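This briefing goes through one structure by topic. Please look over the sequence and the model before reading on.

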There are 2 protein chains.
Amino acid sequence: MDISEVSKRSGLPASTLRFYEEKGLIRSVGRQGLRRVFSGNVLERLALIALGRAVDFSLDEIVQMLGSEGTPSIDRELLLDKADELDRRIQKFTAMRDGLRHAAVCDAPSHMECPKFRRLLGLAASGALSSDDRMKATQKRRSKKAAPLSP
Amino acid sequence: MDISEVSKRSGLPASTLRFYEEKGLIRSVGRQGLRRVFSGNVLERLALIALGRAVDFSLDEIVQMLGSEGTPSIDRELLLDKADELDRRIQKFTAMRDGLRHAAVCDAPSHMECPKFRRLLGLAASGALSSDDRMKATQKRRSKKAAPLSP
DNA sequence: GTACAACTTCAAGTTAACTTGAGGTCAAGG
DNA sequence: CCTTGACCTCAAGTTAACTTGAAGTTGTAC
């Protein structure tokens, strides 16, 4: 497959595919003249990348999870970490959704006078919802097995 | 209150507060010499901003929702839109979480051989989870009331 | 009354994930 | 043979949301 074929099948622009290759996310199997040639399994790889992006992994995180190997063999612990992270996000989002929905129908003269809305505000302000706890649990869980590369 | 007081109470660095002021998100009530003076309700305002950020609004969106007025009076329809959006995100995230969790315990030799994981991959690849539908429903619902500013 | 920590402005830097553009190469059709 | 269009590289631009730095000012404690 040439790059436009991959582009068509994956829905990603060629520029993104080149960018991904440069980042080490995908690899072309060779060249025909100047042109990259991709094997079919790049599509599976791109699907994995899309999966990662869908759960808000950075490209760098994805590079790490997907080794350079064909078969990724993703760390199962990492998967659980990410599932936990998603759980926390789901909880926040659920709280937010309920709060927003209530605020929308609340008959308080202004949102500011609605106690539920104010409670939500308090939550947001306290950072409980700020979604900046991206990798805290990951770090925590990860640190239990300690540094595998140092003495 | 001076800026460091607001900073302490809000948890935001002074640079961010200045940045927010420049963006029109908050306002200082005046100056003492060079220094900004903020009124107490800037904290409420910052809480609203945090709330918005917590549900992934951009600062520009937030500026629009919070008029320049003291009492925001947020568009209730907009709140419902955002609640809907959150619903969709929650569904995606739930699907992802379940998928990840299964993949973590799945006894298939490689994730690639696990049908559930592959199904998840399909979902991600098809863009069903790609979270790029940020404002589609908003646009849709919004377009029902049509352009209020054009003839 | 002077030192200095804390404020100020304004410009420029940062990060992620791409996109765009300029300038060049090459295979295939006419 | 020659044109054309799809590909190539590499550098630079883009956006969001801030942060950092340089250079200047000032309220306050001694």
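In this predicted model, Asp56(B) sits in the loop that joins helix 3 to helix 4 (59-65) of chain B.

- Asp56(B) is not a glycine, yet its phi is positive, at about 70°.
- With a relative accessible area of 27%, Asp56(B) is partly exposed, since that class lies between the 20% limit for buried and the 50% limit for exposed.
- In chain A, Asp56(A) is located in the loop between helix 3 (42-54) and helix 4 (59-65).
- Asp56(A) also has a positive phi of about 70° although it is not a glycine.
- The relative accessible area of Asp56(A) is 29%, which makes this residue partly exposed.

**Make-up of chain A**

- Chain A contains 7 helices and 2 strands.
- Along the sequence of chain A, these elements follow the pattern α-α-β-β-α-α-α-α-α.
- Chain A has 151 residues, of which 40% count as buried.
- Among the contacts in chain A with a separation of 6 or more, 51% are between residues 24 or more positions apart.

**How the two copies are related**

- Chain A is superposed on chain B by a rotation of 180°, with 0.0 Å of shift along the axis and an RMSD of 0.1 Å.
- The two copies are therefore related as by a two-fold rotation axis.
- Both copies use the same surface, as 100% of the contact residues of chain A recur in chain B.
- Which residue of chain A comes closest to the rotation axis? It is Ile90(A), whose C-alpha lies at 2.9 Å.

- Phe93(A) is part of helix 5 (residues 76-105) of chain A.
- Is Phe93(A) buried or exposed? Its relative accessibility is 3%, so Phe93(A) counts as buried.
- Apart from its neighbours within four places in sequence, Phe93(A) is in contact with Ala54(B), Leu86(B), Arg89(B) and Ile90(B).

**Helix 1 against helix 3 in chain B**

- In chain B, the axes of helix 1 (residues 3-10) and helix 3 (residues 42-54) come within 11 Å and cross at roughly 45°.
- That angle makes helix 1 of chain B oblique to helix 3 of chain B, because angles under 35 degrees would count as roughly parallel and those from 65 to 115 as roughly perpendicular.
- The crossing of helix 1 of chain B with helix 3 of chain B is right-handed.
- From helix 1 of chain B, the residues taking part are Val6(B), Arg9(B) and Ser10(B), and they meet Val42(B), Leu43(B) and Leu46(B) in helix 3 of chain B.
- By type, the residues of this contact between helix 1 and helix 3 of chain B comprise 4 nonpolar, 1 polar and 1 charged.

**A buried glutamate in chain B**

- Glu21(B) belongs to helix 2 (residues 14-23) of chain B.
- The relative accessibility of Glu21(B) is 18%, and this residue counts as buried, because the class takes in values under 20%.
- Not counting residues up to four places away in sequence, Glu21(B) touches Ile26(B), Arg27(B), Ser28(B) and Arg36(B).

Notes. Residues numbered from 1 in each chain as written. Chains lettered and ligands numbered in written order. Predicted model: local features only at pLDDT ≥ 70, side-chain atom pairs only at ≥ 80, totals over all residues. Heavy atoms only, no water. Axes fitted to C-alpha atoms, helices over the stretch in contact; angles between N-to-C directions. Helix = DSSP H or I, 4+ residues; strand = E, 2+ residues; numbered from the N terminus. Parallel < 35°, antiparallel > 145°, perpendicular 65-115°, else oblique. Left-handed = near helix turned anticlockwise from the far one by under 90°. Contact = heavy atoms within 4.5 Å. Nonpolar A, V, L, I, M, F, W, Y, C, P; charged D, E, K, R; others polar. Least-squares fit on C-alpha atoms with pLDDT ≥ 70 in both. Buried < 20%, exposed > 50% of the residue type's maximum accessible area, 1.4 Å probe, protein only.
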